[in-house]
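Subject: Model for your review

Dear colleague,

Please find the model below, followed by notes on what was found in it. I would be grateful if you read the notes with the coordinates open.

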Amino acid sequence: MNQPLPSRFPLDQAPWGLLEGLKPGDAFFSSPATTLLGRGTAHARHTPDARPETLDAAARELFDTARAQGHPDPVIMGLIPFNHADSARLFVPRELLRAAPGTFEQCPASAPLETRALAITPEPSPEHYCQAVDSALTLFETTALNKVVLARSLRADTQAPVDAQALLKRLLSINPRGYNFALPAGDTESLVGASPELLIRRVGNRIIANPLAGSVPRHSDPQEDQRRAEGLYVSDKDLREHALVVEAIVTALRPLCRTLEVPEGPEVIATDRMWHLSTTIEGELADPTMTSLSVAAALHPTPAVCGAPWQDAHQAIASFEGFERGYFTGLVGWCDATGDGEWAIAIRCAELAPDHVRVFAGAGVVPGSSPQGELEETAAKMRTMLDAMGLDYEDDATNVTA
Ligand SMILES: C=C(O[C@H]1C=CC=C(C(=O)O)[C@@H]1O)C(=O)O
């Protein structure tokens with residue numbers, strides 16, 4: 001299922017050429033299956049909330065409006081927030097260009113950006129984060145909560161706006177096989193990232209999900225790096241953390257699917273900075289009219305970004321995390337008028353604003369987690385974006401006394 005999507009659209013040019021055309025206000029999404037550049041906006045909906053029914057209704061309206069105005073084959077691109085109470089941004093681009101996937105590896109290597117930061121502020125502080133993990137560990141003993149994903153962010157005030165196109169080029173040269181994206185996230189903001197995680201791809205009645213959970217930072221020494229990957233395979237804590245995600249996705253997909261293939265155990269995959277436990281689940285939809293967006297909305301948020309049970313985890317995040325996630329740990333992707341599409345989890349990403357950037361990362365907390373371990377995991381995850389922007393930041397170890 002990682003071969004190019006059978007395209008009903010002409011392939012306009014090589015992927016790299018597509019990226020060269022990215023302008024402020026445009027939307028770019030590349031995956032192992034396709035590359036899309038949405039130029040401008042023909043029709044948009046900023047939904048009042050991100051509940052599945054609201055998203056479905058907004059998508060139907062967008063397709064109807066686009067067709068009524070003469071668009072023969074509209075495609076929706078968009079950002080869906082973590083929180084169901086927040087607004088999603090769905091839009092049909094004025095012009096859509098598509099390229100075949102997979103040739104980013106042959107593209108010229110791009111250097112990291114040289115971002116000048118006036119100040120870098122952790123929001124919340126490392127100390128607050130460690131206390132949040134500690135509070136979650138207490139909840140495991142006293143409530144039904146089994147897992148919660150706790151996140152934090154860094155705000156870097158910048159002298160000049162970070163260039164989304166240059167940042168994407170760098171991300172594609174270090175993560176050519178991931179889900180790389182840049183989409184407008186506000187009047188002057190955009191969300192740019194290199195996610196390793198596919199929530200759902202639909203091609204006809206076939207679907208594929210690729211949840212990740214259970215992680216360890218990579219190491220510059222190849223032997224130690226290998227040792228860490230092997231350790232992840234047998235880490236009880238990480239396998240439990242992973243199993244909860246697979247279980248939730250399988251439970252949500254079963255009623256939607258005629259067939260579902262679930263491997264017995266996870267494999268280990270690498271990004272530039274992390275090793276992750278990964279499971280590829282494939283199935284055949286029972287109702288082939290169900291769109292990629294509807295399937296994504298039915299699954300979101302999985303315990304890879306929220307926790308289990310869902311309501312308890314959501315409550316713990318609202319009580320302990322101390323910042324608004326917005327589109328971070330939401331969804332980014334596209335859906336065409338036949339329902340085919342891809343929705344990746346919006347992680348390993350940064351929000352770019354004219355005078356600052358905000359980088360995010362979260363980590364799954366389960367019984368057996370340690371505050372320091374999760375702090376280090378989130379620091380390592382943030383490095384993908386910090387390195388690409390050329391920003392230096394280390395948590396101040398003296399702050400961290402949970
Ligand atoms: C929430 C994030 O990662 C999720 C996805 C992969 C592995 C994860 C983990 O091992 O904790 C998280 O569930 C993030 O990267 O910010």
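Two strands are taken to pair if DSSP finds at least two bridges between them, and helices (H or I, at least four residues) and strands (E, at least two) are DSSP runs numbered from the N terminus. This is a predicted model, in which local features need pLDDT of at least 70 and side-chain atom pairs count only at pLDDT 80 or more, while totals for chains, interfaces and linings use all residues. Residues are numbered from 1 along each chain as its sequence is written.

I begin with strand β5. Strand β3 (residues 43-46) pairs with β5 in the antiparallel sense over four bridges, and Ala 44 stands opposite Phe 91 in β5. Strand β4 (residues 75-80) also runs antiparallel to β5, to which three bridges join it, and here Leu 79 stands opposite Arg 89. In a regular strand the side chains alternate between the two faces of the sheet. Within β5 (residues 89-92), Arg 89 and Phe 91 point one way whereas Leu 90 and Val 92 point the other way, and all are buried; a residue is called buried if 20 or more other C-beta atoms lie within 10 Å of its own, exposed if 12 or fewer, and partly exposed in between, with C-beta atoms placed from the backbone.

The next item is the nonpolar core, meaning a set of buried Ala, Val, Leu, Ile, Met, Phe, Trp, Tyr and Cys residues joined through C-beta atoms within 7 Å. The largest such core has 117 residues, and those with the most contacts inside it include Ile 76, Leu 150 and Leu 168. Leaving aside neighbours within four places in sequence, Leu 168 is in contact (C-beta atoms, placed from the backbone, within 7 Å) with residues including Leu 19, Phe 28 and Val 192.

A cis peptide bond with omega of about 5 degrees joins Glu 123 and Pro 124, the latter being in the loop between β7 (117-123) and α3 (126-142). Another cis peptide bond, with omega of about -15 degrees, joins Ala 308 and Pro 309, and Pro 309 lies in the loop between β18 (307-308) and α8 (310-320).

Thr 329, in the loop between α8 and β19 (331-336), has a positive phi near 65 degrees although it is not glycine, and it counts as buried because it has 25 C-beta neighbours inside 10 Å. Arg 348, in the loop between β20 (341-345) and β21 (349-353), likewise is not a glycine and has a positive phi of about 50 degrees; with 29 other C-beta atoms within 10 Å, Arg 348 is buried.

With best regards

Notes. Contact = placed C-beta atoms within 7 Å.
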